[in-house]
Amino acid sequence: MIKADQAAQLNAAGQSPELSVFGFVSIELLNYGGAIVPAILAVWVLSIITPLVDKLVPSAAKPVFTPLLAFTVTSTVVLSVVAPAGIWLSNGAGWIVSSLLDISPTLTGFVFGLTRPITIVFGIHHSMTPISLNNFALYGKDLLMPIMCLGNLAIAGATMAVWYKQRKLATKEQSSITLGSGITAILGITEPALFGVLTKYTKALFMASLATGVFGAISVTLDTHLTSYILSSVFSLPAYLAGGTQNFIQAILGVCGVFALSFILTTMFVRVENK
């Protein structure tokens with residue numbers, strides 16, 4: 001059995017730590033913290049394997065052995081093949097963004113902004129952090145993290161627009177949940193807004209993505225940047241002063257603009273019902 005510290009040492013040495021299941025199935029030890037794609041794929045695999053196992057188990061043993069065998073087979077398949085594929089997908093998204101930066105920073109800003117809210121939903125947004133950290137090390141600044149902040153404010157804008165249109169239709173409890181989700185998104189916590197509101201109104205999610213894409217392109221073109229890693233919220237705005245007063249002003253105008261554009265687009269094009 002390889003312990004966590006041993007796995008870290010092997011990774012630092014450039015080797016891939018692995019476990020062996022049943023003596024012939026190799027499982028690479030990877031960090032799945034915050035990764036949602038492997039979890040989604042795991043549930044899908046379990047939904048396929050469980051009925052197959054259930055057919056093979058006698059009726060009297062189904063309550064005990066069907067879940068046990070289904071979990072054993074699923075965990076082996078997921079950890080050996082499916083989950084690493086999810087991580088490779090996340091890393092591939094990071095590679096695409098890194099390649100786009102070499103081609104056109106403005107195009108990168110638009111594409112990265114357009115896909116930012118959606119990547120948060122699937123949990124592959126974490127693959128962008130190593131790129132930002134590498135930019136800090138190589139260039140002393142990063143252009144992607146400001147777009148992450150823009151994405152959060154766009155999500156907040158769309159959520160607040162849903163609340164604005166929903167407030168006379170929904171119950172007081174539901175309306176307060178939507179309002180609270182929008183406020184937490186402004187503060188940098190977007191999951192309540194995404195999974196509690198915008199996944200119900202997918203067009204609103206697209207409007208938030210479009211607004212982020214537009215202002216992401218503007219942000220990169222104007223060279224709005226950060227010089228150190230910081231969480232993406234309105235509280236991170238003072239950090240832009242490290243890049244100068246002009247950089248700070250651009251950041252403020254950006255978050256205000258993307259919030260307003262997302263709010264306006266959602267108000268104009270999204271039909272809100274009591275869901």
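This is a predicted model: local features need pLDDT of at least 70, side-chain atom pairs count only at pLDDT 80 or more; totals for chains, interfaces and linings use all residues.
**Entry 1: helix H6 beside helix H7**

I began with helix H6, residues 145-166, and helix H7, residues 172-186. Their axes lie 8 Å apart, and the helices pack at an angle of about 160°.

Which residues of H6 and H7 meet? On the H6 side I found Asn152, Leu153, Ile155, Ala156, Thr159, Met160, Val162, Trp163 and Gln166. Their partners in H7 include Gln174, Leu179, Gly182 and Ile186. Sorted by class, the residues of this contact are 10 nonpolar, 8 polar and no charged.

**Entry 2: helix H6 beside helix H10**

H6 and H10 have axes 7 Å apart and an angle of about 35°. What is the handedness of the crossing of H6 and H10? I wrote down right-handed for this pair.

In the contact, H6 brings residues including Cys149, Leu150, Gly157, Tyr164 and Lys165. From H10 I listed Gly254, Val255, Val258, Phe259, Ser262, Phe263, Thr266 and Thr267. By class, the contact of H6 with H10 has 14 nonpolar, 5 polar and 1 charged residues.

**Entry 3: cysteines**

How many disulfides does a search of the whole structure find? My note says 0. I still checked two cysteines for accessibility. Cys149 has a relative accessible area of 1%, so it is buried. Cys256 has 49%, so it is partly exposed; exposed would need over 50%.

**Entry 4: a serine in helix H9**

Then I turned to Ser209, which is found in helix H9. Is Ser209 buried or exposed? Its relative accessibility is 1%, so Ser209 counts as buried. Leaving out residues up to four places away in sequence, Ser209 touches Gly113, Leu114, Pro117 and Ile118.

With a relative accessible area of 28%, Asp223 is partly exposed.

Note on methods. Residues are numbered from 1 along each chain as its sequence is written. Side-chain values use heavy atoms; hydrogens and water are left out. A disulfide is a pair of cysteine sulfur atoms within 2.5 Å. Buried means under 20% relative accessible area, exposed over 50%, partly exposed in between (1.4 Å probe, protein chains only). Axes are lines fitted to C-alpha atoms, for helices over the stretch in contact, and angles run from 0 to 180 degrees between N-to-C directions. Helices (H or I, at least four residues) and strands (E, at least two) are DSSP runs, numbered from the N terminus. Contact means heavy atoms within 4.5 Å. Ala, Val, Leu, Ile, Met, Phe, Trp, Tyr, Cys and Pro count as nonpolar, Asp, Glu, Lys and Arg as charged, and the others, Gly among them, as polar. A crossing is left-handed if the near helix is turned anticlockwise from the far one by less than a right angle, and right-handed if clockwise.
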